[in-house]
Amino acid sequence: MEFARRKVLIREVGPRDGFQSWPDFVPTEKKLEVIRLLIDAGIREMETTSFVSPKAIPQMRDAVEVMAGAPKGACAHTPLVPNLKGARLAMDSGADKVVVVISASDAHNLANVRRTVTESVTDLKEIFALAKERGKQVIGAMAVAFGCPYQGDVPEEDVFRLADAYIAGGAASVILADTTGMATPWRIKKRVRGFRTRFPGTPFSLHLHNNRGTAMANLYAALEVGADTFDTALGGIGGCPNVPQAAGNLATEDVVYMLEDLGCATGIDLMKVIRAARRLEAILGQPLPGQVMKSGPRVPAPAAAACGTTH
Ligand code: COA
Ligand code: ZN
């Protein structure tokens, strides 16, 4: 098998990236039900919610309650934060790590967090100081790392300057986010290779949206150049509120299906994650983009029947 025995970490982002962009507020109890199903399926790292301005993203206004109700222990809870206030709230609420988000372009950073990149980077100092004081890790997310909806191409140097700021500050890992789904396989390979040359030894995740249908091809390309961590969302939900025509993430169950068939070890139970995706679809009341939740696993048939996906 192509990537036999490669251990791949799936970072589940549906509860944050998906619920933040769902038009209606998803009730806290329903969010928690989905979070429990994901952890039961084997998810070990999750963007459980985000601590952001409730005026900016009202869908995330129950962040404290979601963190309080989420099962602890088995899964690292890594909520997203845009600033020091969010980082403090997240740590007070029991976050294991915080994901700080800054865009690689000024235009998107201004739209998303109302700060220039330089201003957000300056603010990092206090976030790192707080994290150190509390003994928490910081993950540095770089939005629009493969293209900006306002600016277009984002130069590699702008992405790597931001990565430098995160890594110099003490980030444990970073996320290269294709917030806009503008990446294609060669762009992924080029940026991943560039990143690994410039920052050898720094763990990184790829966060791949599917706005242009290239996300799974991008994931495969990333695997080919050694990537081993991916952000995915149950059912393929998700989208950035500040990207016109935002589209979903790679569906967790689709990625688990493909990775396991390629010989990778995800630690996730495909049947359970399919059932979780189907439950999510019932909760949200609309067909979701995920494919394997509809088609079922390849074989064996009894397994497909067990999760109700035979036709
Ligand atoms: N959590 C909760 N409330 C917050 C907050 C946070 N992290 N940061 C700021 N606030 C509150 C402030 O206390 C203030 O409240 P008040 O009006 O009751 O006094 C209000 O939000 C405005 O604060 P300010 O610092 O002036 O922020 P802003 O209006 O310039 O907005 C952000 C900046 C970053 C807070 C806002 O744009 C945001 O939350 N963006 C997140 C976007 C996002 O999640 N995108 C998708 C994920 S990539
Ligand atoms: Zn996203």
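View 1. In helix 5 (residues 106–113), a DSSP run of H or I with at least four residues, His-108, Asn-109 and Val-113 are buried, that is, under 20% relative accessible area with a 1.4 Å probe, protein chains only. Seen down the axis of helix 5, these buried residues fall within an arc of 100°, so they line one face of the helix; the arc is that of the directions from the helix axis to the C-beta atoms. Their cover includes strand 5 (97–103), helix 6 and strand 6 (137–143), strands being DSSP runs of E with at least two residues. Just after helix 5, Arg-114 has a positive phi of about 60°.

**View 2. Helix 4 against helix 6.** The axes of helix 4 (residues 84–92) and helix 6 (residues 117–134) come within 9 Å and cross at roughly 15°. That makes helix 4 roughly parallel to helix 6, the term for angles under 35 degrees. From helix 4, Leu-84, Ala-87, Arg-88, Met-91 and Asp-92 meet Glu-126, Ile-127, Leu-130, Ala-131 and Arg-134 of helix 6, with contact meaning heavy atoms within 4.5 Å. The residues of this contact divide into six nonpolar, no polar and four charged.

**View 3. Surroundings of Leu-270.** Leu-270, in helix 11 (residues 270–284), is buried, with a relative accessible area of 16%. Leaving aside neighbours within four places in sequence, Leu-270 is in contact with Glu-253, Val-256, Tyr-257, Val-292 and Pro-297. Leu-270 and Pro-297 are 27 residues apart in sequence and 8.0 Å apart in space, C-alpha to C-alpha.

Residues are numbered from 1 along each chain as its sequence is written, and side-chain values use heavy atoms, without hydrogens and water. In this predicted model, local features need pLDDT of at least 70, and side-chain atom pairs count only at pLDDT 80 or more.

Notes:
Chains lettered and ligands numbered in written order. Axes fitted to C-alpha atoms, helices over the stretch in contact; angles between N-to-C directions. Parallel < 35°, antiparallel > 145°, perpendicular 65-115°, else oblique. Nonpolar A, V, L, I, M, F, W, Y, C, P; charged D, E, K, R; others polar. Buried < 20%, exposed > 50% of the residue type's maximum accessible area, 1.4 Å probe, protein only.
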